[in-house]
Amino acid sequence: KTLSSGLTDMQFASWHCAVKHNVPLLATFETGERYKYVEDRYTEILNQVPKAWIIGNFNNPLLAPQPPQSAEVISCDGTNVSDMWIVLTRGPDGPFGLVAEEIGDGQYLGFFSYSPMIISNVIRNLSNKLRVVIDI
């Protein structure tokens, strides 16, 4: 089921939780342009969380986002992560978040999960694929 507007609401819920509870945040962007669209909002959020991972199809490092030092910018250029819309953070019961794939024409297919087991698997797969340590 494609739920782009519902997924946007879930993204906002993840942002709010990360800021409110001062916990790490992970967000992916299909392109640098998608990040630029929300850059001001993300800069505000990133200044309020202890650690963040900004992952995107940033194939030109000079055009990659320049967020606060607490944020790590990672390129997923050349991986299947570049088609993903992922926003993860941590709640009282463990990691949770949004995981969706762009299926074309601005539509996404995905889910929002509070299951620590499911989201931990997403984090582990991202860490392995991108060869980075992600600790949410």
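In which strand is the place of Gly-56? Gly-56 has its place in strand β2, and this report, which describes a predicted model, returns to that residue once the overall arrangement has been set out.

**Overall arrangement**

The protein chain holds three helices and six strands, and along the sequence these elements follow the pattern α-β-α-β-β-β-β-β-α. Of the 136 residues in the protein chain, 45% are buried. Among the contacts in the protein chain with a separation of 6 or more, 54% are made by residues 24 or more positions apart.

Confidence in the prediction is given by pLDDT, which averages 83 over the protein chain, with 85% of the residues scoring at least 70. Among the elements, helix α1, residues 4-21, has the lowest mean pLDDT, at 70, whereas α3 has the highest, at 95. Where pLDDT is low, the predicted coordinates should not be read in detail.

**The sheet**

The six strands form an open sheet in the order β3-β2-β1-β4-β5-β6, and their pairing is mixed. Strands β3 (71-75) and β6 (107-113) stand at the edges, and because each has a single partner strand, one side of each is left without a neighbour in the sheet. On average, and with direction ignored, neighbouring strands of this sheet are turned by 10 degrees against each other.

Strand β1, residues 25-29, pairs with β2 in the parallel sense over five bridges, while three bridges join β1 to β4 (residues 84-91), these two strands running antiparallel. Individual bridge partners can be followed residue by residue: Leu-25 has Thr-89 as its partner in β4, Ala-27 has Val-87 as its partner in β4, and Phe-29 has Gly-56 as its partner in β2.

How many of the five residues of β1 are buried? Five of the five are, so that this strand is mostly covered. In a regular strand the side chains alternate between the two faces of the sheet. In β1 both faces are covered, with Leu-25, Ala-27 and Phe-29 buried on one side and Leu-26 and Thr-28 buried on the other.

Helix α3, residues 116-130, lies across β1, β2 (52-56), β3, β4, β5 (94-104) and β6, and runs at about 65 degrees to β5.

**Selected residues**

The table below brings together the relative accessible area of several residues.

| Residue | Relative accessible area | Class |
|---|---|---|
| Gly-56 | 0% | buried |
| Cys-76 | 1% | buried |
| Ser-113 | 7% | buried |
| Cys-17 | 11% | buried |
| Asn-22 | 47% | partly exposed |
| Arg-131 | 76% | exposed |

Gly-56, in strand β2, counts as buried because its relative accessible area is 0%, and buried means under 20%. When residues up to four places away in sequence are not counted, Gly-56 touches Phe-29, Ile-74, Ser-75, Cys-76 and Asp-77, and of these Phe-29 is also joined to Gly-56 as a bridge partner. The C-alpha atom of Gly-56 is separated by 6.0 Å from that of Thr-31, although the two residues are 25 residues apart along the chain.

Cys-76, one of the residues touched by Gly-56, is buried at 1% relative accessibility, and Cys-17 is buried as well, at 11%. A disulfide is a covalent bond between the sulfur atoms of two cysteines. A search of the whole structure finds zero disulfides.

What does Ser-113 touch, if residues up to four places away in sequence are not counted? The residues touched by Ser-113 are Phe-96, Gly-97, Ile-118 and Ile-119.

Two residues other than glycine have a positive phi value. Asn-22, placed in the loop between α1 and β1, has a phi near 50 degrees and is partly exposed. Arg-131, which lies in the segment after α3, has a positive phi of about 55 degrees and is exposed, with a relative accessible area of 76%.

Note on methods:
Residues are numbered from 1 along each chain as its sequence is written. This is a predicted model: local features need pLDDT of at least 70, side-chain atom pairs count only at pLDDT 80 or more; totals for chains, interfaces and linings use all residues. Side-chain values use heavy atoms; hydrogens and water are left out. Two strands pair if DSSP finds at least two bridges between them. Helices (H or I, at least four residues) and strands (E, at least two) are DSSP runs, numbered from the N terminus. Axes are lines fitted to C-alpha atoms, for helices over the stretch in contact, and angles run from 0 to 180 degrees between N-to-C directions. Contact means heavy atoms within 4.5 Å. pLDDT is the predictor's confidence in each residue, from 0 to 100. A disulfide is a pair of cysteine sulfur atoms within 2.5 Å. Buried means under 20% relative accessible area, exposed over 50%, partly exposed in between (1.4 Å probe, protein chains only).
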